[in-house]
Amino acid sequence: MRNEYFGDYVTVAVFLLAGVGLVAGGIMAARVVAPSRPNVLKSTVYESGIEPTGGGWNQSHIRYYIFALLFLIFDVEAVFLFPWAVSLDTFAEAGQGVLIYFEMVAFVLILLLGLIYAIRKGVLQWE
Amino acid sequence: MTSGFFWLDTFVKVAIALGFMLGLALPVIYAELKIMAHMQNRVGPYYAGGRWGWAQPIADGLKFVQKEDLVPADADAPVFKTAPYVVIMATIAIFVVIPLGPDLVARDLDLGAFYLLAISSIGTLGVLMAGWSSANKYSLMGGLRAAAQLIAYELPLLLAVLAVVVQAGTMSLTGIVEAQSAAITIGPISVSLPFILTGQIISFVIFVIAMVAELSRIPFDMPIAESELTMGYLTEYSSVRFSMFFLAEYASLIALSMVVATLFLGGYFVPLVPEAWLNLVGPMVVLGKAALIVFFVLWIRSTFPRLREDQLQNLAWRWLIPISLVNILVISFFAVAI
């Protein structure tokens with residue numbers, strides 16, 4: 001590889017392909033060894049031996065959606081935190097450490113307030 | 001690096017990573033069977049392979065290969081079949097950045113710690129795909145529970161790593177190990193201490209709890225709670241596809257244990273060993289430290305009862321996330337002040 005930069009991407013891609021190869025190889029091996037005698041009963045969904053009723057995709061709890069929203073907020077926060085964490089040293093050496101530190105304190109506190117609000121609103125209560 | 005050697009180099013590294021996944025997953029499965037058995041006053045596997053049932057995990061693997069591969073008629077077949085690929089890919093890609101020695105790393109990415117968190121969270125997608133595409137009520141509930149749990153514990157995991165990044169000042173995992181091998185001088189003594197002893201003990205505890213939850217192991221195994229959901233999102237999987245999820249679980253247990261060893265326990269570094277030898281001794285040291293973590297996770301498994309879904313969410317949102325945020329602020333305060 002001519003360039004170190006693309007080398008990173010190619011290495012990761014080769015690892016991902018190796019993962020695909022591992023699963024595909026296993027499935028190929030099973031295709032040779034394992035029996036294949038499908039019938040209607042085998043291909044119904046499993047509901048502990050009782051005849052399945054209704055479809056598989058039924059309604060589910062809205063709560064999971066709210067968890068996903070909460071997660072999104074904090075995950076985006078982390079995207080801001082990582083560059084800050086790495087460059088903290090550089091700013092501290094330039095004498096701006098205190099400023100940069102307290103800016104992040106304010107940011108984190110605002111997000112914590114949001115979390116407290118969500119908890120007080122009853123997001124974590126299951127009834 | 002010349003272009004001729006790059007490909008050879010990369011393929012050797014991939015082969016080693018695959019060897020790690022398969023070669024370590026089997027002993028860990030065996031260790032789990034045996035250690036749990038003895039903790040519960042049982043004997044565990046005894047007959048397979050002759051002595052102490054050492055061939056039990058191999059026999060299990062062969063059994064999976066010769067089972068019929070079933071896809072439910074109602075299932076969303078393309079998604080159902082893709083899910084194991086996604087999970088395995090997310091697992092094997094973690095091994096890219098784990099350093100086994102000063103020069104023994106597949107690729108020392110500058111964004112190492114960040115890459116690690118990003119790539120391992122792709123596994124969540126695979127789990128959600130498996131749960132959704134099975135067209136089974138157990139699978140759907142298991143998949144949703146798994147997704148809610150994995151994202152909730154993703155955050156403490158991430159924030160614990162962030163605290164380490166603040167202290168090390170770099171996201172490269174090799175850089176983090178080097179930061180831990182730098183000597184600290186206290187009065188007349190000069191020693192190298194791992195991060196767990198230099199202020200990261202809270203991050204360590206949070207990381208290990210979140211790691212057990214990310215692996216969906218007892219006490220955090222609501223997604224596959226057998227007594228209520230059969231096998232959760234894995235209910236409809238059989239044969240090799242099922243064993244791939246199984247393999248991914250154990251391989252990521254090993255990978256994340258090696259990450260704990262790297263981030264908190266000093267990685268490949270051991271005191272008193274000359275630097276030139278670290279490439280030789282390093283892999284053994286990392287594996288030794290990781291083995292301690294694996295044993296600890298197995299110990300937790302046979303000790304604690306399962307958490308209820310709301311208790312599990314409470315632990316993450318009400319305790320671990322606020323504590324880890326405050327932990328970051330405290331650690332970065334010292335990083336700025338000193």
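How many residues does the contact take from chain B and from chain A? It takes 81 residues from chain B and 66 residues from chain A, where contact means heavy atoms within 4.5 Å. The structure is a predicted model, in which local features need pLDDT of at least 70 and side-chain atom pairs count only at pLDDT 80 or more, while totals for chains, interfaces and linings use all residues. Residues are numbered from 1 along each chain as its sequence is written, chains are lettered from A and ligands numbered from 1 in the order in which they are written, and side-chain values use heavy atoms, with hydrogens and water left out.

Between them, chain B and chain A bury about 6,700 Å², and 77% of this is on carbon and sulfur atoms. Buried area here is the accessible area (1.4 Å probe) that two parts lose on being put together, summed over both. The count of salt bridges between chain B and chain A is 1; a salt bridge is a side-chain nitrogen of Lys or Arg within 4 Å of a carboxyl oxygen of Asp or Glu. Such a bridge joins the side chains of Arg107(B) and Asp8(A), at 2.7 Å from N to O. The rule also finds 3 residue pairs in polar contact across the interface of chain B and chain A, both residues being at pLDDT 80 or more. A polar contact is a pair of N or O atoms within 3.5 Å; within protein, one must be able to donate a hydrogen and the other to accept it, and residues adjacent in sequence count only if both atoms are side-chain atoms.

Several helices of chain B supply at least two residues each to the side that touches chain A, including helix 1 (3-39), helix 6 (137-168) and helix 12 (309-337). Helices (H or I, at least four residues) are DSSP runs, numbered from the N terminus. The largest share of this side, 15 residues, comes from helix 12 of chain B. By class, the side of chain B that touches chain A divides into 53 nonpolar, 14 polar and 14 charged residues. In this scheme Ala, Val, Leu, Ile, Met, Phe, Trp, Tyr, Cys and Pro count as nonpolar, Asp, Glu, Lys and Arg as charged, and the others, Gly among them, as polar.

Attention now turns to chain B itself. Its domain assignment gives domain 1 (20-66) and domain 2 (69-337), with bounds that come from an automatic or database domain assignment. The centres of the two domains of chain B, taken over C-alpha atoms, are separated by 23 Å. In chain B, 15 residues of domain 1 are in contact with 24 residues of domain 2. The area buried between these domains of chain B is about 1,700 Å², and carbon and sulfur atoms give 86% of it. Met21(B), Glu32(B) and Phe64(B) supply 39% of the area that domain 1 of chain B buries against domain 2 of chain B, more than any other three residues.

Across the interface of domain 1 and domain 2 of chain B, the rule finds 2 salt bridges and 4 residue pairs in polar contact, both at pLDDT 80 or more. Helix 1 and helix 2 (56-65) of chain B are the elements that give two or more residues to the side of domain 1 that touches domain 2. Helix 1 of chain B contributes the largest share of that side, 12 residues. The classes on this side of domain 1 of chain B are 13 nonpolar, 1 polar and 1 charged residues.

Over all chains, a search of the whole structure finds 7 salt bridges. One of them joins the side chains of Glu32(B) and Arg217(B), at 2.6 Å from N to O. Glu32(B) lies in helix 1 of chain B and Arg217(B) in the loop between helix 8 (201-214) and helix 9 (226-229) of chain B, so the pair ties together parts that are 185 residues apart in sequence. Glu32(B) counts as buried at 3% relative accessibility, and Arg217(B) is buried with a relative accessible area of 2%. Buried means under 20% relative accessible area, exposed over 50%, and partly exposed in between (1.4 Å probe, protein chains only). The side chains of Glu32(B) and Arg301(B) also meet in a salt bridge, at 2.5 Å from N to O. Arg301(B) counts as partly exposed, at 25% relative accessibility. Glu32(B), Arg217(B), Glu249(B) and Arg301(B) are linked in a network of salt bridges.
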